[in-house]
Amino acid sequence: MSEHSSRSSSTSVALVTLGCARNDVDSEELAARLETAGFDLVAEPSDAEAVLVNTCGFVDQAKKDSIDTVLAATDLKDDGRTRAVVAVGCLAERYGAELAEAMPEADAVLGFDDYPDIADRLRSVLAGTPHVPHVPSDRRKLLPVTPVERTADAVVVPGHAVAEPDLPDGVAPASGPRVVRRRLDSGPMAPLKLASGCDRRCSFCAIPSFRGAFVSRRPTEVLADARWLATQGVRELFCVSENSTSYGKDLGDPGLLESLLPDLAAVDGIDRVRVSYLQPAELRPGLIDTIARTDGVAPYFDLSFQHAAGPLLRRMRRFGDAEQFLALLETIRSKAPAAGVRSNFIVGFPGESEDDVRVLCDFLTAADLDAIGIFGYSNEDGTEAATMDGQIAAEEISDRVDHVTRLAEELTAQRAERRRGETVDVLVESVDGDETEPGAEGRALHQGPDVDGSTQLRGLSGAVAVGDVVSAVVVDSTGVDLVGEPT
């Protein structure tokens, strides 16, 4: 760490995070770097002298939300307290100088390579020194093609940083590898990054070009992160990456996740571990067994199906079809009948026929999923799909999305209704009511954070606290949300 970075500063800074749980981890790395360098972290942008917006660059709506958030933050400068607004994250990395030119209201646009020196960069911006934004390049080319020849030390990989020896206590674990992280959320769930980047070449996705090739964190670092999170009141670890089923392949052990998950579940203070972003084509029998049958690991399968029509999936540069996916679901449920399963689907991909939509709807009806996300296709810069023939009109895509979404909502509501009578373990995330009528809300094992619904607890005989795990019988449901009464 440079002498300039370690100099004391009382400058207040707020981080605003958009997008996925992976971005949450990245923001917490930035927060640790800034706090260690003497910045004062505040929760509200209106209270900050500097605002960092960690943007999302995935799809059109996410890009718009990111730009709107940056512009809204720049409006705070009119009140006099906020002096600088900086864009970081995926949108900033993906577009760099182009974004800076299009959005002069922002004081700087910083890429991933700026993260290790974020404190110096921010001080320079506050001092009025112009920042020259980066010209984006394909980050996949920064690492060797062969996974086992890669090392995260060769490039900046957000969310993977290991601390210098002099990092203050309270910012990272007290022993073992000390990850650079400072919690920005006090809830009992925290995302835990397994890896970054992706080696797949889905024709609709631009993420690998700006997130780079797939790089796993070493198990020692993941476990150190988990142990530290447990000391911060975390009870559920939400393992995230662009493709969790690839974890370990660049470390020479493609089955490494099967041995890591039990170790994570054994961390003192952790009640459960949840894995996200599983590729069906890479879901090994051993990994299914580990997720379905390991104590402390949630029997939860976040499967990236994207569609069910085989020929259309080939155009997407993906594998499988409805028949294969249903067979996979049957295997999962033979090992864990109450397992939670969720997936996202793209509607309106170039060349999608009405027949393909029927195949998708038939699959959804048969799959019995707990949560379904439906997204309308949109062209992404630099992707193969953007140049394909068979582009579908926006109005038709919207109509198809509406049709499939209505079906998905009906099916997931029916699935939740069929959980009546089940006993579920609910991680309490909020409490309400009073001593005479206490209430609480949380998530059962089959409910992932933010997108899979929640479980309302009623009929509590005594007070419960955030972070408690309450066993309850499901007595009612509304949509994907459940109502449970403690056993």
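Q: Which elements are included in what covers the buried residues of α9?
A: This is a predicted model: local features need pLDDT of at least 70, side-chain atom pairs count only at pLDDT 80 or more, and totals for chains, interfaces and linings use all residues. Numbering runs from 1 along each chain as its sequence is written, and side-chain values use heavy atoms, leaving out hydrogens and water. Helices (H or I, at least four residues) and strands (E, at least two) are DSSP runs numbered from the N terminus, and contact means heavy atoms within 4.5 Å. The cover over the buried residues of α9 includes β6 (189–193), α8 (219–231), β9 (236–240), β10 (272–275) and α10 (285–293).

Q: How many of the ten residues of helix α9 are buried?
A: A residue is buried under 20% relative accessible area, exposed over 50% and partly exposed in between, with a 1.4 Å probe and protein chains only. In α9 the buried ones are Leu-256, Leu-257, Glu-258, Leu-260, Leu-261, Leu-264 and Ala-265. Helix α9 (residues 256–265) is largely enclosed by the rest of the structure, because its buried residues number seven.

Q: How far does helix α3 reach from its first C-alpha to its last?
A: Helix α3 (residues 60–75) has 16 residues. The expected span of a helix is 1.5 Å times one less than its number of residues. For α3 that gives an expected 22 Å, and the reach is close to it, at 23 Å.

Q: Within what arc do the buried residues of α3 fall, seen down its axis?
A: The buried residues in α3 are Ala-62, Lys-63, Ser-66, Val-70, Ala-73 and Thr-74. They line one face of the helix, because they fall within a limited arc when α3 is seen down its axis. That arc is taken from the directions from the helix axis to the C-beta atoms, and for α3 it is 115°.

Q: Which elements do the buried residues of α3 pack against?
A: Lys-63 is one of the buried residues of α3, and Glu-380 touches it. As for whole elements, the buried residues of α3 pack against β3 (50–55), β4 (84–88) and α4 (89–95).

Q: How far apart in space are Glu-380 and Gly-57, C-alpha to C-alpha?
A: Glu-380 sits in the loop between β13 (371–376) and α14 (394–417), where it is buried with a relative accessible area of 3%. Setting aside residues up to four places away in sequence, Glu-380 touches Gly-57, Phe-58, Val-59, Asp-60, Lys-63, Arg-94, Phe-204 and Ala-386. Glu-380 and Gly-57 are 323 residues apart in sequence, and their distance in space is 9.9 Å.

Q: Is Thr-11 buried or exposed?
A: Thr-11 is found in the loop between α1 (3–6) and β1 (12–17). Not counting residues up to four places away in sequence, it touches Phe-39, Asp-40, Glu-49, Arg-83 and Leu-126. With a relative accessible area of 13%, Thr-11 is buried.

Q: What volume does the largest cavity have?
A: On a 1 Å grid over the protein atoms alone, a cavity is a set of points where a 1.4 Å probe fits but cannot get out, a pocket is an open set with protein on both sides within 12 Å along at least five of seven lines, and lining residues have an atom within 4 Å of a point. Grid points are joined across faces, edges and corners, and a volume is the space filled by probe spheres set on the points. By this rule there are four cavities of 30 Å³ or more. The space in the largest cavity is about 100 Å³.

Q: Which residues lie nearest the centre of the largest cavity?
A: Ala, Val, Leu, Ile, Met, Phe, Trp, Tyr, Cys and Pro count as nonpolar, Asp, Glu, Lys and Arg as charged, and the others, Gly among them, as polar. By these classes the lining has nine nonpolar, three polar and two charged residues. Of its 14 lining residues, those nearest the centre are Arg-139, Val-155, Val-157, Arg-211 and Gly-212.

Q: What is the relative accessible area of Arg-139?
A: Arg-139 lies in the loop between α6 (118–126) and β6. Leaving aside neighbours within four places in sequence, its contacts include Glu-93, Phe-112, Asp-113 and Arg-211. Arg-139 is buried, with a relative accessible area of 6%.

Q: Which elements give two or more residues to the lining of the second largest pocket?
A: The second largest pocket has a volume of about 410 Å³. Of its 20 lining residues, the closest to the centre are Thr-151, Ala-152, Asp-153, His-160 and Glu-221. The elements that give two or more residues are α2 (21–36) and β8 (215–216).
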